[in-house]
Amino acid sequence: MDMYTAVKNRIQELLEQNKMSIYKLSVESAVPASTIKNILYGKSKNVGVITLKMICDGFNISIKEFFNTDVFGNLEQEIK
């Protein structure tokens, strides 16, 4: 799995776990709903660190908690 897919899947997982809509995450994180949609639907494949931190704030978790899953330990090499 590549990094973009792992980040996208983690955001979707957290939305489900927290029973949040994209709109609710947008309000809680101050990240525009269109930006979140672009990440989730593949229009934006390069999520900035600040944006990701704001999304984590919206979920009320740390960056460390966001990346603390097995999937991030088994990512493909980005440069081939």
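Guide: Start with two helices: Val-7, Ile-11, Leu-14 and Leu-15 in α1 meet Leu-52, Ile-55 and Phe-59 in α4. Keep in mind that this is a predicted model.

Visitor: What makes these residues count as meeting?

Guide: Contact means heavy atoms within 4.5 Å. The listed residues of α1 and α4 meet in that sense.

Visitor: Why are α1 and α4 called roughly parallel?

Guide: Look at the angle. The axes of α1 (residues 3–17) and α4 (residues 49–59) cross at roughly 20°. Angles under 35 degrees count as roughly parallel. Therefore α1 and α4 are roughly parallel to each other. Their axes come within 11 Å.

Visitor: Which hand does the crossing of α1 and α4 have?

Guide: α1 passes α4 in a left-handed crossing.

Visitor: How many salt bridges does the rule give?

Guide: The count comes to three. The rule asks for a side-chain nitrogen of Lys or Arg within 4 Å of a carboxyl oxygen of Asp or Glu.

Visitor: What makes Glu-13 and Arg-10 a salt bridge?

Guide: Their side chains meet at 2.7 Å, N to O. The cut-off is within 4 Å, so the pair qualifies. Glu-13 and Arg-10 are three residues apart in helix α1, and so about one helical turn separates them.

Visitor: Why is Arg-10 called buried?

Guide: Arg-10 has a relative accessible area of 9%. Glu-13 is at 33% relative accessibility.

Visitor: What makes Asp-57 and Lys-53 a salt bridge?

Guide: Their side chains meet at 2.5 Å, N to O. The limit is within 4 Å, so the name holds. The two sit in helix α4, four residues apart, about one turn of the helix. Asp-57 has a relative accessible area of 40% and is partly exposed. Lys-53, with 37%, is also partly exposed.

Visitor: Is Ser-26 buried or exposed?

Guide: Ser-26 counts as buried. Its relative accessibility is 13%, and the cut-off is under 20%. Ser-26 lies in helix α2. Not counting residues up to four places away in sequence, Ser-26 touches Val-31, Pro-32, Ala-33 and Ile-36.

Visitor: Why is Ser-34 called partly exposed?

Guide: Ser-34 has a relative accessible area of 43%. Buried is under 20% and exposed is over 50%, so this value falls in between. Ser-34 is found in helix α3 (residues 33–40).

Visitor: How far apart are the C-alpha atoms of Ser-34 and Lys-64?

Guide: They are separated by 25 Å. Along the chain, Ser-34 and Lys-64 are 30 residues apart.

Methods:
Residues are numbered from 1 along each chain as its sequence is written. This is a predicted model: local features need pLDDT of at least 70, side-chain atom pairs count only at pLDDT 80 or more; totals for chains, interfaces and linings use all residues. Side-chain values use heavy atoms; hydrogens and water are left out. Axes are lines fitted to C-alpha atoms, for helices over the stretch in contact, and angles run from 0 to 180 degrees between N-to-C directions. Angles under 35 degrees count as roughly parallel, over 145 as roughly antiparallel, 65 to 115 as roughly perpendicular and the rest as oblique. A crossing is left-handed if the near helix is turned anticlockwise from the far one by less than a right angle, and right-handed if clockwise. Buried means under 20% relative accessible area, exposed over 50%, partly exposed in between (1.4 Å probe, protein chains only).
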